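Reader: I would like to go through the charged pairs of this protein with you, one question at a time. Could you show me the sequence and the model before we start?

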Amino acid sequence: MFKKSLIATAVVGALSASAVAQAATVYDQDGTKVDIYGRINYMITSGGTQDLTPGADKTSGSEFQNNGSRFGFRASHELNSDLSAFARMEFRFNADEVNRDAMQVRNSFLGLKSQQLGTLTIGNFDSVYKEAVTGVFDNYENEGWVTHDGGSTSSRGDTVAYATPVFNGLQGHVQVKHISGNTVLDDDGNPVKFGVGEADNSSTTSTAAAVTYTWEGLYLAAGYNQSKDVSDRGATYGGGSNNAAGEDIWGISAQYKFLPNFSARVMYEELGSVNEGASASAKKEIFGLGATFNYGQGNLYADVYDVSYVGDISSSNPWAIGVDYRFSPMRVYAEIFDEDASGENIDDSLLYTVGIRYDF
């Protein structure tokens with residue numbers, strides 16, 4: 001009881017002091033440690049791809065927006081010299097205006113970590129495919145990252161993952177997402193129940209796996225995400241869903257630090273199969289090339305892609321560039337993204353973003 005009261009008191013104190021502290025340990029005793037963290041992030045955007053069809057929503061005008069503001073808790077407990085238990089809860093909220101919207105539950109999970117046995121994680125988290133393969137291109141505060149899996153594909157809920165110990169720079173990662181057949185979605189996206197025999201409502205799973213290798217300034221990764229399509233059976237995803245365009249996402253990536261302040265990266269992704277009814281404009285193959293330069297007070301980063309599509313559409317070349325300036329714990333940033341979209345009644349303008357972010 002005393003420990004619970006102490007934690008509650010410390011959390012209140014940490015929340016009130018968050019404006020002046022970049023991070024806060026709210027409890028650290030008897031092998032148990034609890035941290036609170038978060039960010040306030042605002043941006044102003046203008047431009048971007050606009051649907052010119054009469055009656056379509058206007059999206060390209062300037063707008064002041066919340067940009068993923070959040071807070072969360074991290075906890076760990078040392079069970080012995082090699083084994084520790086850990087947990088995390090994270091919540092996202094709309095911080096740019098008064099509102100009554102409920103907070104979004106983000107990555108929240110628990111698990112066990114051992115240097116000798118590896119790491120077991122259970123709950124709601126980004127896919128091991130994204131973490132291993134495509135995450136090296138996740139450098140933008142707003143738009144600019146082009147991928148088949150931004151972390152939610154066949155993950156972020158009802159998932160179990162295991163990472164092996166690191167052996168001479170080599171590490172393996174596997175995960176399984178459970179997809180229940182107890183509740184399905186109707187044509188309007190509302191959850192409904194089916195009786196026994198009314199549908200093929202058996203549960204199923206979708207898997208992902210990756211292998212990573214690190215040696216000095218070199219990072220290599222290869223991965224697979226099954227992204228199982230369950231639209232034709234009585235099962236439904238909880239949390240992150242499958243990639244609507246197709247199953248069997250394959251990808252490889254590499255990053256190399258040529259200098260202490262300069263690194264370059266490359267990535268290739270493809271769909272192994274295309275789902276029936278997939279949009280002709282859905283991405284089939286993605287090739288990416290990028291680099292990051294640290295100039296001392298922040299980073300300059302840029303990426304360019306070659307994208308081919310499911311339908312008979314010419315390939316496109318989206319690109320993005322950004323820069324940030326950091327004065328800890330705050331940063332300001334400016335980014336430009338060209339989606340290179342084409343099609344009837346489409347205005348493909350550059351998307352401009354400027355913003356400010358405070359981490360605690």
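Reader: Which residue does Arg156 meet in a salt bridge?

Author: In this predicted model, local features need pLDDT of at least 70 and side-chain atom pairs count only at pLDDT 80 or more, while totals for chains, interfaces and linings use all residues. Residues are numbered from 1 along each chain as its sequence is written, and side-chain values use heavy atoms, with hydrogens and water left out. A salt bridge here is a side-chain nitrogen of Lys or Arg within 4 Å of a carboxyl oxygen of Asp or Glu. At 2.8 Å from N to O, the partner that Arg156 meets is Asp126.

Reader: How many residues apart in sequence are the parts that Arg156 and Asp126 tie together?

Author: Helices (H or I, at least four residues) and strands (E, at least two) are DSSP runs, numbered from the N terminus. Arg156 lies in the loop between α2 (128-132) and β9 (159-163), and Asp126 in the loop between β8 (118-124) and α2, so the parts tied together are apart in sequence by 30 residues.

Reader: Is Glu141, which forms a salt bridge with Arg331, buried or exposed?

Author: The closest N and O atoms of Glu141 and Arg331 are 3.4 Å apart. Buried means under 20% relative accessible area, exposed over 50% and partly exposed in between, with a 1.4 Å probe and protein chains only. With a relative accessible area of 15%, Glu141 is buried.
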